[in-house]
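I opened this model to look up a few things and kept notes as I went. The entries follow in the order in which I made them.

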Amino acid sequence: MAGIVPHASKIEEIYTHDAIPTQSPRWANLVSKFQSTYNMPAQFVARSPGRVNIIGEHIDYSLYPVLPMAITSDALFAVSVPSEQNTTSDTFKVRISNVQSERFTAKEFDIPYSGIEIDSKVHEWTNYFKCGLKGAIQLLRRGNPDFRPVSMDVCMDGSVPAGGGLSSSAAFVSGAALAVMVANGVEKVSKMDLTEIAIVAEREVGVNSGGMDQSASVLSVKDNALYVSFVPELSARPVKFPKTKPELKFLIAQSFVAADKHVTGPVCYNLRVVECSLAAAYLHAVVNKSSSPLPEDKGPLGISLYGFHKGHFGQETGRDMAAQLKQLVQIVKDTLTKEEGYTRAEVAEKLGMTVEQLEKRFESTFPVRAERFKLRQRALHVFTEALRVSKFIGLLEDPPAGYMDTGNSEEYNRALGDLMNATQASCRDLYECSCPELDRLCQIARKAGSYGSRLTGAGWGGCSVHLVPGDKVEDVKAAWEKDYYSKMDLTAEQKSGAVVVSKPGSGSYLLTLGEDGKP
Ligand code: NG1
């Protein structure tokens, strides 16, 4: 389904109808800020959205399929390429500002043609732009190693809350990469290329991320969720929710627990990536009785639980996927018996390496802090979650006749919701990526009528997603207000953004502005 990043001629093509009244003034403000900052009009706007993950949590980096959807909130980059370019210099210039200029200070960079430095230890908002820039330049140089990027002026407006589990970073990096490609004369940007460079580029800021967010941000199609698979290569297809009665709505609720995975990486996100990779290597050594290492794949550390899965069964076929995953759950229960986790020495011994070799192989890309690795729990989460995704997508694309022909799809809606609830339990108990506040938001929502409630994104704070019958939306919102938000000290802005009823939005877009710099 890939193709070229679409060009819009007006913002109505980009957003769902209900979003236009808030997006119109926002775009007008962005282009007017651009004009007042740089004293010239912007030429185009590149846009990439955030996403909410419906199901398939923390399994993208184990290379199992996931089902996110894009949301309305996005990263916008108004761009102009100054007509005077200094062609004799060894550097090119990027001036970047933000509509929220007090929070995000404007910067100016003279970037050597020879390479871009990104210091992932410094948490600087422009790092994300540099990631996109670096990825785009690598792509531009694929066919032409001497390619010299142009200088550019950029003004950014991001509406995806940072650290909220809605992928502000993927929206930022893929939007920035798109802006750089277009500034450098590429009118037709391949969606797949853009997704792939955004995935790799985001690792520059210190997170060993999977590929779900960037895929959802770039490839989503309005009114559809997106089924994203990572093997044999990255691919995605839009998926419609069947018409149900009662109608289904997605509510996204903030926990207001900040989850900065760049800071907590060594004990949270990056540690989970290491644990899953170690589980794959361990299972391969013990179950597949192999003395050679697990073959390399696209997992962030070069191997994955899916790689073990494929190796174990010879090959994975779509039809047998669910049956195979069930067997793998049993294999994990029988093999990885230590609830308390495994020390480095215990894992190293099974892998036929020293502790130093293990540290070098698995912990040198991104450092992690742990005495023991909970291989059993992490692998159980991954295989059961992959199974839930396969059941969920089966329900969506092939709804069992009995569920739908009664004119009341209550039972069907519940089946979808149950899978989301099971994900939350697994994230809480096995993957340990929830937190009391997210658990609470889910409990409150279920009590007020949600079919399915779970954290979305990396977790440890951030956002939750809820599958709610249309006629219960107000009840669920009121319950959160009464039992959760009213007990917190929130600003008016936080209160108004706490809960969003979200329709599946479109992915990346380009909009060329008129001579006057107006949309
Ligand atoms: P967040 O932190 O919500 O953007 C992260 C990863 C995803 C995926 C989810 C968990 C990045 C950029 N994204 O999402 O790839 O692994 O956690 O399902 O690290």
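**Entry: the model.** I note at the outset that this is a predicted model.

**Entry: ligand site.** I asked which residues are closest to the ligand. They are E57, H58, D60, D213 and Y269, out of 17 residues that surround the ligand. Sorted by class, this shell holds five nonpolar, six polar and six charged residues.

I then looked up polar side-chain atoms facing oxygen atoms of the ligand. For E57 the distance from such an atom to a ligand oxygen is 2.5 Å. For Y269 the corresponding distance is 2.6 Å. R51 also places a polar side-chain atom by a ligand oxygen, at 3.0 Å.

**Entry: R51.** R51 sits in strand β2, which runs over residues 44–55. Is R51 buried or exposed? R51 counts as buried because its relative accessible area is 3%, and the cut-off for buried is under 20%. Besides the ligand oxygen at 3.0 Å, the R51 side chain has a polar contact of 3.5 Å with the side chain of S167. Leaving out residues up to four places away in sequence, I found R51 touching P68, M69, A70 and I71, then G165, L166 and S167, and also M212, D213, A216 and G457. Of these, D213 is also listed among the closest residues to the ligand.

**Entry: helix α8.** I went to α8, residues 305–313, and asked which of its residues are buried. L305, Y306, G307, F308 and H309 are buried there. The cover over the buried residues of α8 includes α7 (269–286), α9 (321–335) and α12 (375–397). After α8 comes G314, with a positive phi near 85°.

**Entry: cysteines.** How many disulfides does a search of the whole structure find? The search finds zero. I looked at C276, which is in no disulfide; its nearest cysteine sulfur belongs to C433 and is 10 Å away. C276 is buried, because its relative accessibility is 3%. C463 is likewise in no disulfide, and the nearest cysteine sulfur to it, that of C442, is 11 Å away. C463 is buried too, because its relative accessible area is 0%.

**Entry: T126.** I found T126 in helix α2, which covers residues 126–140. T126 counts as buried because its relative accessibility is 0%. With neighbours within four places in sequence set aside, T126 is in contact with I96, K107 and F109.

**Entry: F366.** I located F366 in the loop between α11 (355–363) and β11 (372–373). Although F366 is in a loop, it is buried, with a relative accessible area of 15%. I also took the separation of F366 from E339: they are 27 residues apart in sequence and 25 Å apart in space, C-alpha to C-alpha.

**Entry: cis peptide bonds.** The bond from V231 to P232 is cis, and its omega is near -5°. P232 lies in the loop between β7 (225–229) and β8 (235–239). K245 and P246 are also joined by a cis peptide bond, with omega about 0°. P246 is in the loop between β8 and β9 (248–254).

**Entry: positive phi outside glycine.** The phi of N39 is positive, near 60°, and N39 is not a glycine. N39 belongs to the loop between α1 (20–38) and β2. Is N39 buried or exposed? N39 counts as exposed because its relative accessibility is 68%, and the cut-off for exposed is over 50%.

W460, also not a glycine, has a positive phi of about 55°. I placed W460 in the loop between β12 (452–456) and β13 (463–469).

Methods: Residues numbered from 1 in each chain as written. Predicted model: local features only at pLDDT ≥ 70, side-chain atom pairs only at ≥ 80, totals over all residues. Heavy atoms only, no water. Near = heavy atom within 4 Å. Polar contact = N/O pair within 3.5 Å; in protein donor to acceptor, adjacent residues only side chain to side chain. Nonpolar A, V, L, I, M, F, W, Y, C, P; charged D, E, K, R; others polar. Buried < 20%, exposed > 50% of the residue type's maximum accessible area, 1.4 Å probe, protein only. Helix = DSSP H or I, 4+ residues; strand = E, 2+ residues; numbered from the N terminus. Contact = heavy atoms within 4.5 Å. Disulfide = S-S within 2.5 Å.
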